[in-house]
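Subject: Structure for you to look at

Dear colleague,

Please read them with the structure open beside you.

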Amino acid sequence: PSGTQALLRSMWVPRVGGAATIVGDRGEILRQEGSGWVPENSGANTFLRWVFGLNAADRFAVGDEGLILRNRGNGWAAMRSGTGFRLRAVWGSGTNNLFAAGDGGVVLRFDGVRWYPMEVPIRVEWRALWGTGPRDVYLAGAGGVILHFDGAAWRQLSTPTNQLLLSLRPAAASGAFQVVGVATIVLDGKR
C-alpha cells in the first residue's frame, strides 16, 4: 500500500532503471522505493492528473490550474505554463520537445526554455498525448477527436466514434497506435 488517502491518477515507469512515479489529488507524488512507496514533496496542493518522464532523472507532472512540475533529480519545481486551464496529459521525446494538453482545447509545447501555446484545428477537452518523436505526435480527447502533429502542424484524423477518448499507446504492430475511451471504445490506428 502507498500509505496515502489521496486519489491517485497516473503512473509512469521508466523503460530502463529508476523507480516508478505516481501522481494524484492534493499534489500527491509517490516514488517507488523497493517494494514500497515514498512521498515526494510537490510543493503544490493541486490535483496532478498525469506524469511522464524522459528518464528517471527528468520527470514532468501536470494538473489543475495549468500546473506543470518538473523534477530533474533535485526536487519538484513549478514551471510557467501560461495557462490556467486544467492540464490532463504530458508527453515528450526530449528535453526540448515536450507537449502538454488539457481543458479548453489548450495544447502547449516546451522548447527546452519555455512552454508556449500551439494552434490546433479543433479545441476539445484533451485527455491523452503520445508520439514517437518531434514529427509524430498524437492527441486524443472529447468527441472522439484525434489530432496528429507532423512537426509543422496539427491535423485531424478520421475516427468512427464521437465518444471521449482517454488514452493513447503504441500498438504491437510497427507503425500503429491504439486509443481507448469510454463506452468500451478501442481504436487501432496506423501512423
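Strands here are DSSP runs of E with at least two residues, numbered from the N terminus. The model is a predicted one, in which local features need pLDDT of at least 70 and side-chain atom pairs count only at pLDDT 80 or more, while totals for chains, interfaces and linings use all residues. Residues are numbered from 1 along each chain as its sequence is written, and side-chain values use heavy atoms, without hydrogens and water.

A pocket is an open set of points on a 1 Å grid over the protein atoms alone, where a 1.4 Å probe fits and protein lies on both sides within 12 Å along at least five of seven lines; lining residues have an atom within 4 Å of a point. The largest pocket is lined by 28 residues, with Trp12, Arg15, Phe52, Gly53 and Trp91 nearest its centre. At least two lining residues come from each of S1 (8-12), S5 (48-55), S9 (87-94), S13 (126-133) and S17 (165-170), and S5 gives the largest share, six residues.

Strand S9 also belongs to an open sheet of four strands, ordered S9-S10-S11-S12 with antiparallel pairing, where two strands pair if DSSP finds at least two bridges between them. Its edge strands, each pairing on one side only, are S9 and S12 (115-117). Between S11 (residues 107-110) and S12, which run antiparallel, there are three bridges, and Arg109 has Tyr116 of S12 as its bridge partner.

Best wishes
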